Amino acid sequence: MTVEVLDDYPEPITSAQRAYQASRKLGITKGADRSRAVLAMAQALERSFDDILEANTLDLEASREMAVPELILDWLKLTPKRLEMTVDILQRLGELSDPLRRVRTADYQLADSQSYTQLMPLGVIGFIYEAFPDLGAIAAGFCIKTGNCLILKGSTEASHSNAAIAEVLQNAIAEVGLPPGCLELITAEHGASIRDLVTQDQYVNLVIPYGRSSLVQQVVRQSTCPVLKSAMGNCYLYWSPNSSLEMVRLMILDSHQSEPDQVNGIEKVLIHRQALPSSIAVLWNSLMEKGFEIKGDAELVKAFPQLHLVKEGEWGNPYLTRTVAFKLVDSLEAAIAWINEYSSGHADSIVTESYQESRQFALGVNSASTYINTSPRFSRNPSRGDSVFLGMSNQKGHRRGFISLETLTTVKHIVQGNGRF
């Protein structure tokens, strides 16, 4: 199939076509060449800090004039530290072993044949992200490493930053000899909507939205391409009577330490009714000293009038700020049922000294990951292991949980016969 690129096509279609053409070449590129490209991207980014920060300043000034919410400004603001972290992630991606062509034994075997599977690229991936200009570079590293072409569509607030980063990365990719179209950027100047990109299913194999839940749901509603939903915030913690107050406090604080996006920040805490009021008050005071806003359900507000009342719709939605809401429950079973109803479903935790309770929670909570007596804090570049993560997914479809290199691959079944029938 030959794709003809027409200059008068809308930009999303033209970008999707260029990416599709490039993906057919990139998918068969050697792992060493793809790794070399990711390392070149890291080096180019490191040399361009000043230009990128200057572009980011323009975005910040324009966003403040437009009264953009503080949350988005936090996501948008680049610092040398954030850029250094991005370079570190790209360097680590470049040094990891090739995720493609890994051979695995197939689940079935045919007579007189050998069956096996290999990991292969998906093809073309669209990444739609709200602010977070550095995340576009990280997504590019993930895609080039896995042999996928990437189409970036960022938010208007980050237009200068996104353009500066994309240009740096595109030049680095071209210098190592990878085909044009491996990395495409759709800018606000093209007047293209999200729908224009996510309906290019003849060229785009997967769309990943990253940002507030409203953005994710918009992409899910409009897309004709497969969507890998990402999730942020609205993570729950169940505080068992068989547990430590200090453990609860440390888990909440640590879960909010990820910057700039507190993906797994604990925002809702379910307290067993047997908990001592004095212990609850000690926890609240400690959190407020750290700058947290504390909210409670009607029962807690009645007992502690200084609390802000949680509105009905807040239990199922993330705050994405240093806000924690508390609710009393009668049992572990009630906590599990509430979490399954209202949690975002990607990371929920329990504090308990009971092994039976921990197992019941881990098996009963319908979330991508559960954490027992440990912080759910998210890290893109964990110090242990050989994995790097783009985000977290709460869906049960294509992939669930941590979005890793393998998440951006698919499986090919290969049957090697010997000529006998």
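1. The structure holds 10 aromatic pairs (rings of Phe, Tyr and Trp, the last by its six-membered ring, pair if their centres lie within 6.5 Å; planes under 30 degrees apart count as stacked, over 60 as edge-to-face and the rest as tilted). The rings of Trp 284 and Phe 326 have planes at 70 degrees and centres 5.6 Å apart, so this pair is edge-to-face. Trp 284 belongs to helix H11 (residues 277-289) and Phe 326 to strand S11 (residues 323-329), so the pair ties together parts 42 residues apart in sequence. Helices (H or I, at least four residues) and strands (E, at least two) are DSSP runs, numbered from the N terminus.

2. This is a predicted model, in which local features need pLDDT of at least 70 and side-chain atom pairs count only at pLDDT 80 or more, while totals for chains, interfaces and linings use all residues. Residues are numbered from 1 along each chain as its sequence is written, and side-chain values use heavy atoms, with hydrogens and water left out.

3. Both Trp 284 and Phe 326 are buried (under 20% relative accessible area; exposed is over 50%, partly exposed in between; 1.4 Å probe, protein chains only). A separate entry concerns Trp 75, Phe 132 and Tyr 210, which form one aromatic cluster.

4. Ala 131 lies in the loop between strand S3 (124-129) and helix H6 (133-145). Ala 131 counts as buried because its relative accessibility is 0%. Not counting residues up to four places away in sequence, Ala 131 touches Ile 72, Trp 75, Leu 76, Ser 155 and Ala 158 (contact means heavy atoms within 4.5 Å). The C-alpha atoms of Ala 131 and Leu 73 are separated by 8.0 Å, although these residues are 58 residues apart along the chain.
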